[in-house]
Amino acid sequence: MASATEAVVLGTRAESSDSRHLRRILGIVRRQPLGVFGAIVCVAFVVVAFAAPLITPHDPHIFVGPRLGRPSYAFPFGTNNLGQDVLARTIYGAQVSLVVGVASVLLGTVVGSALGLVAAYCGGWVDSAVQRALEVVASFPGLMLILVVVAALSRPRVARDVNLLTLTWELRVVVIAVGIGFIFATTRIVRSVALTERHAPYVEAAIACGAGWARIMWRHLLPNVMAYIIVGVSVTLGLAILAEASLSFLGYGVPPGTPAWGTDLSGINRQFFLQAPWLVLAPGGAISLTLLGFNFLGDALRDELDPRLRGR
Amino acid sequence: MGPYRSQTGALRRPSRRQFLVGGAGLTGSAAFLLACGGNNNKAATNTSNNGAAKPAASAAGGASTPGAASASTQTPKKGGRISQLAAITTQTLNPVTNWNEGTILSGVSIYDRLVSTRLNKDSATEYVPEAAASVEQPDPLTVVFKLRPGMKYQNHDPVNGRAVVADDIVQTEAYIKDNPASQDKSFQTLSMDSVTAPDDQTVTFKLKAPNAYLFSGTQLSYPAGGSIIIPKETLNNLDQSWQVGSGPYQLSDFQMNVRYLYKRFDGYHGASQGLPFADEREWKIIVDPAAQESAFRSEQVQIWGVPIPQTADTVQKDLSARINMQNYLSLSMVTLSFNVAKPPWNDARVREAMYRFTNRQQYLDLIESGRGQVPPGLLSVGLKDYQLDPSQTAKYWANDLKQAKQLLDAAGYDYNHQVEMSTIDGPRNNQGMQIFQQQAAQVGMKVQITPMQFAEWLNQKILTGNWEAWYSQHPTYDSPHIYLRLQATNTYSVHKYNGLKDPTIDAMIEKSEQTLDHAARVQQVKDIQLALLDKYTPFFITHNYTAYVALWKYVMDYEVNPASTAEPTYNTQMWLNKA
């Protein structure tokens with residue numbers, strides 16, 4: 001009987017917890033409609049990238065249609081100078097953006113967070129060394145730094161019809177080049193938050209209990225700066241996608257022929273923009289929409305997760 | 001040995017081209033003396049594309065300048081600045097080691113040369129003495145040039161306006177031969193045995209063997225090597241020192257890879273005829289096609305080699321009343337090349353499979369909107385005399401994907417292999433690689449494409465042989481010489497690893513280079529093409545494209561030259577018909 005009562009009580013608790021979550025989500029939807037829109041765009045972007053082979057009407061490499069064909073039922077976004085389907089290329093272009101965006105932000109976030117935590121926790125000359133080194137890197141204009149890294153490590157080569165893991169490996173130079181740019185910003189954010197947390201009572205208590213520096217950083221500091229990291233990731237993902245598109249637009253990203261939004265905005269396509277504006281509208285629109293999505297999502301996450309903004 | 005067919009006496013409109021050394025190297029087997037002395041008579045010889053000599057007047061349309069796109073009947077006006085566009089880069093100021101310096105910038109403005117090549121729109125060739133007052137060939141192995149009297153250099157350190165002497169040419173030839181970075185020294189290494197200066201006005205070349213292409217644009221007329229005249233004092237620092245020559249213009253100002261300004265040199269040997277007509281020539285280096293179009297439309301430049309046909313159509317439609325749009329079949333060959341030193345391309349079955357799946361017409365249709373031609377054989381269509389009959393070659397180019405797959409299977413081709421194809425980054429080249437990638441995919445061949453900057457491509461790939469395949473547009477050549485030489489074991493070029501490298505065909509190529517009789521050589525060159533096709537050479541032309549040059553209408557007497565990648569050569573007779 002007691003157990004039955006317990007079950008009823010627990011059930012009630014679970015129910016109330018579910019409804020709390022639901023209410024909270026509905027509250028977020030009401031408070032952050034643009035954030036929700038951004039989240040939908042971001043999810044759609046990821047789904048499109050993963051499901052590209054399943055949802056594209058044509059192979060993006062094959063010359064399936066007439067040269068510079070106008071948008072039609074068969075080719076809703078038209079065709080390019082080689083008769084390739086612009087819709088298929090735009091869908092497949094999401095793969096490059098996703099791979100570079102996620103991998104480079106992951107790189108920048110992991111390295112930047114680690115450096116920020118170490119600098120904040122250790123302080124002294126370690127902090128100074130990390131800060132000065134990163135300031136040197138940050139003194140380069142972002143795009144120039146990316147170009148220098150790509151020039152030093154050589155431009156990527158991309159084979160046709162590869163899966164996302166292989167694509168990530170083949171685009172490693174672009175990932176590194178773009179990711180390096182995010183290390184400085186992440187380090188600064190994480191360091192500034194961790195410096196405050198470093199002297200919090202729970203950290204002092206952990207030290208008093210004999211916890212090692214690694215445990216303190218991993219188990220105590222990191223969870224408390226995670227909200228800031230998540231907000232940073234959502235914002236920088238959009239920037240990473242833009243950086244990749246800029247790099248490809250300049251001809252230093254993925255090689256020609258590989259479907260990528262930046263590449264499809266440059267090269268020979270640029271010479272047909274006046275005659276075939278659909279060549280610019282599709283990849284350009286995809287870049288804009290995705291950036292908008294990540295920006296809205298980032299703003300919403302910041303509003304929800306940043307304690308200073310919470311409740312405003 | 002065929003007789004010399006040097007033609008003289010065709011009077012041309014007054015210009016510095018007083019003598020035309022017609023088809024000399026191509027047809028000469030006996031001594032020939034070009035009009036010399038007296039009143040420097042206006043003699044002309046030209047050849048219908050690299051071979052048969054014929055009177056200049058008939059080929060060049062009578063009194064007009066060869067290839068003059070807008071030959072006027074008006075009296076040329078002196079003065080003004082002619083601005084042109086180029087999408088090029090250079091590394092130094094050296095015209096010998098930098099192709100673009102030699103063939104577009106200083107090599108055809110600041111420095112003079114003994115002889116040059118002119119082609120008209122139909123690729124009929126003329127060999128024009130520039131600094132040479134006369135050319136004699138007492139025997140097939142000796143060429144004697146007499147310099148024009150009174151020539152001098154521009155007044156700048158360290159030369160300070162001194163007279164041009166024959167020893168300058170001797171030293172320049174030695175410099176080209178000994179410089180490992182010379183863009184092309186095939187004349188100096190393959191053909192030239194010695195060069196001497198018996199006196200200040202005479203230069204004597206001794207050849208190792210008769211040279212069928214002696215005066216062509218790849219030998220003595222080659223602007224960046226050939227017979228360029230550089231003052232000997234400057235040879236040890238050509239990369240960086242101020243350019244000083246005896247050509248029609250002198251360097252006035254430059255910002256490397258941005259802008260070059262040349263001003264008229266009054267001491268130029270053509271100055272007595274009023275040449276050059278334009279006071280200044282300016283080159284603006286703009287790589288971006290959209291920026292090029294803007295610069296032309298806004299008249300910041302008056303001459304523009306339009307990169308793609310569609311843009312030419314648009315510009316012509318918009319500005320039709322105010323511009324002239326020239327078009328001609330370029331001699332530039334756009335080629336596919338595979339390294340036979342590396343598997344799988346050393347297997348003739350793989351090469352044949354490549355021929356089976358390669359659709360050359362698709363390259364022309366997609367890249368050039370069908371404007372141009374696909375050669376029936378292996379040489380540019382503009383080299384008319386050497387063209388094979390399509391019926392002779394149809395079997396080699398036949399498309400058959402099934403057979404291609406069978407050939408690859410028989411050769412044990414590894415379908416997981418990624419063929420690494422590189423190119424010089426550019427719209428035409430990049431599209432060509434994509435087309436090859438797509439055509440190869442039809443038989444399961446995987447191709448990875450890599451566009452590179454020219455210097456990077458040259459140094460990392462071409463010079464090292466560390467390449468598997470490339471697709472690229474070439475400079476233009478006015479004879480079969482370079483294409484055939486690039487098939488040989490010894491290319492005498494930076495492209496050491498190119499072509500088929502078959503000893504039997506090597507011997508055929510060498511023989512043709514030394515055959516002065518035009519008809520016999522034409523047959524030999526045709527035989528070589530068939531022999532190369534029989535072995536499915538890994539180096540062939542996909543197409544020749546139609547080139548477009550846009551000019552504002554007041555640009556008069558612009559000289560079209562299919563052998564100069566759409567850029568005119570000296571063009572001293574060009575003038576501006578505006579206030």
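Modeller: Happy to! Let's start at Phe436(B), which touches Leu336(B), Phe338(B), Met354(B), Phe357(B), Thr358(B), Tyr363(B), Met421(B) and Val447(B), leaving aside residues up to four places away in sequence; touching, or contact, means heavy atoms within 4.5 Å. Keep in mind that this is a predicted model, in which local features need pLDDT of at least 70 and side-chain atom pairs count only at pLDDT 80 or more, while totals for chains, interfaces and linings use all residues. Side-chain values use heavy atoms, without hydrogens and water, residues are numbered from 1 along each chain as its sequence is written, and chains are lettered from A and ligands numbered from 1 in the order in which they are written.

Together with Phe296(B), Met421(B) and Met445(B), Phe436(B) has the most contacts inside the largest nonpolar core, a set of 119 residues. Such a core joins buried Ala, Val, Leu, Ile, Met, Phe, Trp, Tyr and Cys residues through side-chain atoms within 4.5 Å; buried means under 20% relative accessible area, exposed over 50%, and partly exposed in between, with a 1.4 Å probe and protein chains only. Strand S22 (residues 539–552) of chain B gives this core its largest share, ten residues. Helices (H or I, at least four residues) and strands (E, at least two) are DSSP runs, numbered from the N terminus. Apart from this core lies another, of 36 residues, including Val99(A), Ile146(A), Val149(A) and Leu171(A).

Now to Gly305(B), which sits in strand S15 (residues 303–306) of chain B. Its relative accessibility is 24%, so Gly305(B) counts as partly exposed. Setting aside residues up to four places away in sequence, Gly305(B) touches Gln292(B), Tyr548(B) and Val549(B).

In helix H7 (residues 309–318) of chain B, the buried residues are Pro309(B), Gln310(B), Thr311(B), Ala312(B) and Val315(B). Their cover includes S15 and S22, along with helix H6 (289–297), strand S16 (323–329) and helix H9 (360–368) of chain B.

Next comes the meeting of the two chains. Chain B brings 30 residues to the contact and chain A brings 23 residues. About 2,300 Å² is buried between them, with 52% given by carbon and sulfur atoms; buried area is the accessible area (1.4 Å probe) that two parts lose on being put together, summed over both. Leu366(B), Gln434(B) and Gln438(B) supply 23% of the area that chain B buries against chain A, more than any other three residues.

Chain B has 16 helices and 24 strands, and 64% of its 579 residues are buried. Chain A has eleven helices and zero strands, with 47% of its 312 residues buried. The C-alpha atoms of chain A fill a box of roughly 70 × 60 × 35 Å along the principal axes. Of the contacts in chain A between residues at least 6 apart in sequence, 70% join residues at least 24 apart.
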